[in-house]
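Let me open the structure and look things up one at a time.

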Amino acid sequence: MSFRITSCHSPLATGVTLALFASLSIGVHAQESVEERLSALEQKLAEVEPHARGEQGFSFNTYARSGLLLNNEGKSAPGGPYLTPAGSVGGAVGRLGNEPDTYLEAILNYKTVADNGTKAHYRLMIADSTTSSNDWTAGDGALNVRQAYVEFSDLASFTGIFEDASIWAGKRFDRDNFDIHWLDSDFVFLAGTGAGIYDVTFSDSVRSNFSLYGRSFLDFPSDPDSTEGTSDTDNLVLTANNYFGNVQWMINGMSAADNDERVVGGVMEAADTGVNTMLAYHGDSFFGVSDGNFKAALLHGQGLGAEVKNIGADGNLHEDAASTRVAVYGTTRLSDSWRLAPMIMAETSKDRYVEGDEYQWLTINTRLANELSANFEMQYEASWQVMDLNAEGYEGRSDVDGDYARFTIAPTFKPQVGGFWNRPEIRVFASYSTWDDELNGFDGGDALGQEDFASSQWTFGTQMEIWF
């Protein structure tokens, strides 16, 4: 901006002219100062906005629970979603009022965006678990790095079917695992150390993920006449996870070199290969009859794939092992103040660990909640499990046939009620469990095999749970 001063010989005119010039000069500088400040502010906002959206910088996530579980004599009581004999082969029975542990996940994230728009995400997850009630549990805790990986997305050089894809490498949980929270049981849990690519997109409704995970089995005896000589092996899991709209089809192939030399129950017949597949449907309503959601899955595996949930994690599976599992759950509202979440899960497996064994179990679980105020609700959970387990003497286990049932009532406080996924929660609870006496004889080392754990038990306690 420029100004021209006209020559004038009048003192008054000259003074007015100089004053006007000074005023205009101040105004110009003030305007430029405001513009500079606005420009600087816009630049700062542009720098901060990606951080506010979570696209850049550090962030923290967590899952944690901690509770006290007592019997009617005020002593610590056994518990956990897998405390029944069927729990040894994945048969969970429900977690509300049934967890005596402190478990936490501290998840640290760092995200950056390159000048070309490519995004990078580094994640570190540290977890710990203990059943001690002490404030210092370093001696009996289980501190562990559960995830450490890097993922790249929006890669500037990716085009075509890879335009929306992301790549990763490191130690991680698969992004597309999904679970039934009320049971503390995944539909499918794929994890380990490796690399993969997500969201190879073939059309608007068809995409695939591909990965290679490695898992390590513990050292094992390789000589049936001696336990001194040991060997180890890695299980490689090659995965194709395909989506067709709401339908998911997952297939896993496994190979663990030398695992057939493992001594299982005195017999060298462990699997060294396997296959596993899952067909699932992710519904966006409550089975088409009301608002909510549901998920259903059919899983089958053979050999190393016969552990159908925790993919590739069990090295003791027999070479002829075969398992089939079905799982269905959903959530909906019965009214403005009542919520319902029913589920059913069942599995049958044969030749699982030794030739001729057979494991069958069925779990039905329902969680119900009644919102009574902005911060308080009553939660209820009922579980019933029936099992027929023929272990054929594997690891000294006995054959059992019977059922287990539990009912829990849990007054619950929240910052804001409004859904099954709202956390944090503080609960107090009372649970009644009962089971057939025969189940006590399955394994002397499990909860039901303890002498002071009778076939009917009241338990009481308190728990917090949080995630964000």
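Before I start, one term: a residue is called buried when its relative accessible area is under 20%, and exposed when that is over 50%. I also note that this is a predicted model.

**Entry 1**

I looked up Y213 to begin with. Its relative accessible area is 0%, so Y213 is buried. I then checked W168, which has 4% relative accessibility and therefore counts as buried too.

**Entry 2: how W168 and Y213 sit together**

A pair of aromatic rings is described by the distance of the centres and the angle of the planes. For W168 and Y213 I noted ring centres 5.2 Å apart and planes at 40°, so I wrote the pair down as tilted. W168 belongs to strand β5 (residues 166–173) and Y213 to strand β9 (residues 206–216), so their pairing ties together parts that are 45 residues apart in sequence.

**Entry 3: other rings**

How many aromatic pairs does a search of the whole structure find? I got 20. One that I looked up is Y63 with Y103: the centres are 6.3 Å apart and the planes at 45°, so this pair is tilted. Y63 is in strand β1 (residues 57–71) and Y103 in strand β2 (residues 102–113), so parts 40 residues apart in sequence are tied together here. Both Y63 and Y103 are buried.

I also found a cluster of aromatic residues made up of Y281, F286, F287 and F294.

**Entry 4: charges over rings**

Next I looked for charged ends placed over rings. R172 has its charged end over the ring of Y149, 4.0 Å from the ring's centre.

**Entry 5: empty space**

Rolling a probe the size of a water molecule over the atoms shows where empty space is left. My search of the whole structure turned up one cavity of 30 Å³ or more. The largest cavity has a volume of about 80 Å³. It is lined by 13 residues, and those closest to its centre are P78, N98, Y404, S433 and T459.

Which elements give two or more residues to this lining? I wrote down β20 (400–413), β21 (425–435) and β22 (456–467). The largest share, three residues, is from β21. Sorted by class, the lining has five nonpolar, seven polar and one charged residues.

Technical notes. Residues numbered from 1 in each chain as written. Predicted model: local features only at pLDDT ≥ 70, side-chain atom pairs only at ≥ 80, totals over all residues. Heavy atoms only, no water. 1 Å grid on protein atoms, 1.4 Å probe; cavity = no way out; pocket = protein on both sides within 12 Å on 5 of 7 lines; lining within 4 Å. Points joined across faces, edges and corners; volume = space filled by probe spheres on them. Helix = DSSP H or I, 4+ residues; strand = E, 2+ residues; numbered from the N terminus. Nonpolar A, V, L, I, M, F, W, Y, C, P; charged D, E, K, R; others polar. Phe/Tyr/Trp six-rings, centres within 6.5 Å; stacked < 30°, edge-to-face > 60°. Buried < 20%, exposed > 50% of the residue type's maximum accessible area, 1.4 Å probe, protein only. Lys NZ or Arg CZ within 6 Å of the ring centre and 35° of its normal.
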